[in-house]
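Subject: A structure for you to look at

Hi there,

Here is the structure I promised to pass on. Have a look at it first, and then read my notes below.

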Amino acid sequence: MLLISETSDVRIEEIRKPPNGLKCSAHRQKGHGVGRYARLLERILSGRSDANIRFSDLVQFLLYLGFDERVRGDHHILTRTGVEEILNLQPRGAMAKPYQVKQVRSVILKYKLGADENE
């Protein structure tokens with residue numbers, strides 16, 4: 001939570017503005033939830049909660065990393081330039097399937113995604 005006093009000269013637009021150097025992703029350009037994505041990356045890389053990752057959070061995180069998404073039925077097909085793997089994700093209820101979280105983790109580690117803000 002951010003509290004701004006009436007005398008503060010900080011505007012909301014300045015708070016939401018992304019740091020210089022961010023590329024591509026609409027989510028990065030909008031400045032949405034960078035801390036949320038850092039926490040999600042930590043959960044994915046830890047491997048302790050593969051069954052407890054929300055599907056929508058996983059897809060939004062991949063979009064944040066610069067993946068493009070196509071949807072056919074409940075199949076979300078995610079691709080990214082420079083990444084040879086194609087991620088085909090389907091939800092199990094509201095959650096991501098654990099083996100698909102493992103696939104995402106292996107792609108993140110292989111291509112060192114999320115390690116640098118300027119990807």
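Strands S2 and S3 (residues 83–89) pair in the antiparallel sense over four bridges; two strands count as paired if DSSP finds at least two bridges between them. Helices (H or I, at least four residues) and strands (E, at least two) are DSSP runs, numbered from the N terminus. Before going on, please note that this is a predicted model, in which local features need pLDDT of at least 70, side-chain atom pairs count only at pLDDT 80 or more, and totals for chains, interfaces and linings use all residues. Residues are numbered from 1 along each chain as its sequence is written, and side-chain values use heavy atoms, with hydrogens and water left out.

Together they give an open sheet of three strands in the order S1-S2-S3. S1 and S3 stand at the edges with a single partner strand each, so one side of each has no neighbour in the sheet.

Now for the helices. How do H3 and H4 cross? The axes (lines fitted to C-alpha atoms, for helices over the stretch in contact, with angles from 0 to 180 degrees between N-to-C directions) of H3 (residues 34–46) and H4 (residues 55–64) come within 10 Å and cross at roughly 110°. The two are therefore roughly perpendicular (65 to 115 degrees). In their contact (heavy atoms within 4.5 Å), residues of H3 including Tyr37, Leu40 and Ile44 meet residues of H4, among them Leu58 and Phe61.

Finally, the structure holds two salt bridges, each a side-chain nitrogen of Lys or Arg within 4 Å of a carboxyl oxygen of Asp or Glu. One of them joins aspartate 50 and arginine 105 (2.9 Å, N to O). Aspartate 50 lies in the loop between H3 and H4 and arginine 105 in H5 (residues 98–111), so the pair ties together parts 55 residues apart in sequence.

Enjoy exploring!

Best wishes

Methods
Angles under 35 degrees count as roughly parallel, over 145 as roughly antiparallel, 65 to 115 as roughly perpendicular and the rest as oblique.
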